[in-house]
Amino acid sequence: MASLSLSSPPSSSLSSTHYTSSTLTLRTPTFLKLRTPNKHSLTVRSLTLTQDDLKKLAADKAVEYVKSGMVLGLGTGSTAAFVVAKLGSLLSSGELTNIIGVPTSKRTEEQARSLGIPLSVLDDNPRLDLAIDGADEVDPNLDLVKGRGGALLREKMVEAASEKFVVVVDDTKLVSGLGGSGLAMPVEVVQFCWKYNLIRLRDLFKEEGVDAKLRIDESGKPYVTDNSNYIVDLYFKTPIKDGLAAGKEISKLEGVVEHGLFLNMATSVIIAGKDGVQVKDK
């Protein structure tokens with residue numbers, strides 16, 4: 001007669017989340033032949049992690065860097081929202097105490113307040129222990145494109161003031177060179193004569209065939225940042241050859257407030273993918 005045994009292998013861990021699985025073993029004597037009709041065939045589907053699942057894994061790993069008593073820069077975007085949620089949970093449970101957050105956008109501020117996270121500003125805390133945020137692109141040198149969520153100015157101010165800057169992404173954000181995804185590289189500009197600056201930004205990268213577009217919100221009106229500015233999105237057909245030079249040239253233009261190239265800023269990048277969570281340090 002067939003016998004069933006249920007054995008549990010040692011638990012394995014992925015980042016800060018632990019999974020325990022059980023193995024079902026069917027032992028069948030050679031004299032017994034088991035047949036399964038086709039209509040009762042068993043299909044086993046493997047677990048597929050969504051992009052949000054990967055973001056949450058990376059966010060949970062990043063929160064391991066946080067210690068009680070720290071002043072933290074709180075990023076903006078879908079991945080950063082997972083970080084803020086985790087911090088709120090740890091504060092509520094008492095696992096973290098006496099942390100102060102410096103938010104990089106109004107929506108992050110609203111989320112943090114709703115979770116009971118004490119907040120401050122750079123005026124009162126000009127030096128931060130740690131900032132955690134997502135990114136839109138990460139290249140092999142750990143340089144970044146950020147700001148597709150519209151918070152690039154405040155993000156850059158807060159993260160530049162941080163002793164350590166940990167970036168959390170899923171592996172879809174990895175590129176061989178900045179601008180290589182073909183998606184927007186944002187530039188925040190003043191509203192005054194925005195079209196003038198849009199043309200100048202496009203002409204600055206004329207040889208690369210860059211397209212420049214004013215960002216529009218869901219209502220069809222120009223997107224307005226938390227700082228009451230507009231955003232011009234630059235679309236590169238090929239990766240930017242020299243990010244430092246490009247950033248300097250963009251910043252020279254009068255009316256440009258900030259650009260989305262975050263260069264030599266990240267100290268660690270946490271990448272979640274199908275094979276697990278990887279940490280790259282600079």
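The model is predicted, so a word on ground rules: local features need pLDDT of at least 70, side-chain atom pairs count only at pLDDT 80 or more, and totals for chains, interfaces and linings use all residues. Residues are numbered from 1 along each chain as its sequence is written, and side-chain values use heavy atoms, with hydrogens and water left out.

**The whole chain**

Start with the protein chain in cartoon view: its secondary structure comes to six helices and 17 strands (DSSP runs numbered from the N terminus, helices being H or I of at least four residues and strands E of at least two). Of the 282 residues, 43% count as buried (under 20% relative accessible area, with exposed over 50% and partly exposed in between, using a 1.4 Å probe and protein chains only). Among contacts (heavy atoms within 4.5 Å) between residues at least 6 apart in sequence, 72% join residues at least 24 apart.

Next, select Glu155 in helix H4, residues 152-160. Is Glu155 buried or exposed? Its relative accessibility is 3%, so Glu155 counts as buried. Leaving aside residues up to four places away in sequence, Glu155 touches Thr76, Thr104, Asp133, Lys146, Gly147 and Phe262.

**The aromatic pairs**

Now for the rings: the structure holds two aromatic pairs. Rings of Phe, Tyr and Trp (its six-membered ring) pair if their centres lie within 6.5 Å; planes under 30 degrees apart count as stacked, over 60 as edge-to-face and the rest as tilted.

Select Trp194 and Tyr230: with ring centres 6.4 Å apart and planes at 70°, the pair is edge-to-face. This pair links distant parts of the chain, 36 residues apart, with Trp194 in helix H5 (residues 194-204) and Tyr230 in strand S13 (residues 230-235). Trp194 is partly exposed at 24% relative accessible area, while Tyr230 is buried at 11% relative accessibility.

Finish at Phe205 and Phe236, where the centres are 5.2 Å apart and the planes at 70°, so this pair is edge-to-face. Phe205 lies in the loop between H5 and strand S12 (211-214), and Phe236 in the loop between S13 and helix H6 (243-251), so the pair ties together parts 31 residues apart in sequence. Both Phe205 and Phe236 are buried.
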